[in-house]
Amino acid sequence: MFLTVAAQGALGFWEVVQALEQLQGEGHEAAASLFHVPGVTRYILVRMKSAAETGYCFNIRRLRLQDKLVLLRYDPIAKQRVLFTEKRKIRSI
C-alpha cells in the first residue's frame with residue numbers, strides 16, 4: 001500500500017527514501033533490495049592535490065553524489081596543514 005501511494009505522487013521523493021531506510025533498519029529485505037541498483041557504485045576514488053603547489057597528492061573515497069571535496073590536511077613537503085582540492089576522479093569503487 002505504501003508504494004502505491006508513493007507511485008501516485010502523494011509522497012515526495014525524500015519521504016519515500018526515509019520510509020525505505022526505516023523499513024531497511026527494521027530488517028525488511030524488500031526495502032534493502034530497492035536501494036541496490038546494478039552497475040552503479042555508491043563511491044568514487046578521487047585524487048586530492050595540495051594547494052601549496054608542492055606536488056603532494058593522496059587518494060580518498062567519497063560519495064558519488066557528494067560535492068567536490070576541499071580538505072585541510074597535513075602536507076609533509078610543506079610541513080604544515082594546507083588545503084587539498086579534488087582534482088580528478090581515479091575510478092569507481
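Two strands are taken to pair if DSSP finds at least two bridges between them. Strands (E, at least two residues) and helices (H or I, at least four) are DSSP runs, numbered from the N terminus. The model described here is predicted, so local features need pLDDT of at least 70 and side-chain atom pairs count only at pLDDT 80 or more, while totals for chains, interfaces and linings use all residues. Residues are numbered from 1 along each chain as its sequence is written, and side-chain values use heavy atoms, with hydrogens and water left out.

The protein has three helices and four strands. Along the sequence these elements follow the pattern α-α-α-β-β-β-β.

The four strands form an open sheet in the order 2-1-4-3, with antiparallel pairing. Strand 2 (57-63) and strand 3 are the edge strands, each of which pairs on one side only. From one strand to the next the twist averages 45°; axes are lines fitted to C-alpha atoms, for helices over the stretch in contact, and angles run from 0 to 180 degrees between N-to-C directions.

Strand 1 (residues 43-50) and strand 4 (residues 80-92) run antiparallel and are joined by seven bridges. Leu-45 has Arg-91 in strand 4 as its bridge partner. Strand 4 also pairs with strand 3 (residues 70-75), again in the antiparallel sense, over six bridges. Here Leu-72 is bridged to Leu-83 of strand 4, and Arg-73 to Val-82 of strand 4. The hairpin of strand 3 and strand 4 has four residues between the strands, and in it Lys-79 takes a positive phi near 60°.

Aromatic side chains were examined next. A pair of aromatic rings is described by the distance of the centres and the angle of the planes. Rings of Phe, Tyr and Trp (its six-membered ring) pair if their centres lie within 6.5 Å; planes under 30 degrees apart count as stacked, over 60 as edge-to-face and the rest as tilted. By this rule there are two aromatic pairs. Tyr-56 and Phe-84 form an edge-to-face pair, with 6.0 Å centre to centre and 75° between the planes. Tyr-56 lies in the loop between strand 1 and strand 2 and Phe-84 in strand 4, so this pair ties together parts that are 28 residues apart in sequence. Tyr-56 is partly exposed, with a relative accessible area of 28%, whereas Phe-84 is buried, with a value of 0%. Buried means under 20% relative accessible area, exposed over 50%, and partly exposed in between (1.4 Å probe, protein chains only).

Phe-58 and Phe-84 also form an edge-to-face pair, at 5.1 Å centre to centre and 65° between the planes. This pair links distant parts of the chain, with Phe-58 in strand 2 and Phe-84 in strand 4, 26 residues apart. Both Phe-58 and Phe-84 are buried. Through these ring pairs, Tyr-56, Phe-58 and Phe-84 are linked into a cluster.

Arg-61 lies over the face of Tyr-43, at 4.0 Å from the ring centre. A charge sits over a ring if NZ of Lys or CZ of Arg is within 6 Å of the ring centre and within 35 degrees of the ring normal.

For the protein as a whole, 20% of the 93 residues count as buried. Among contacts (heavy atoms within 4.5 Å) between residues at least 6 apart in sequence, 36% join residues at least 24 apart. The accessible surface comes to about 7,100 Å², of which 55% belongs to carbon and sulfur atoms. Accessible areas come from the Shrake-Rupley method with a 1.4 Å probe; for residues, only the protein chains shown count as cover.
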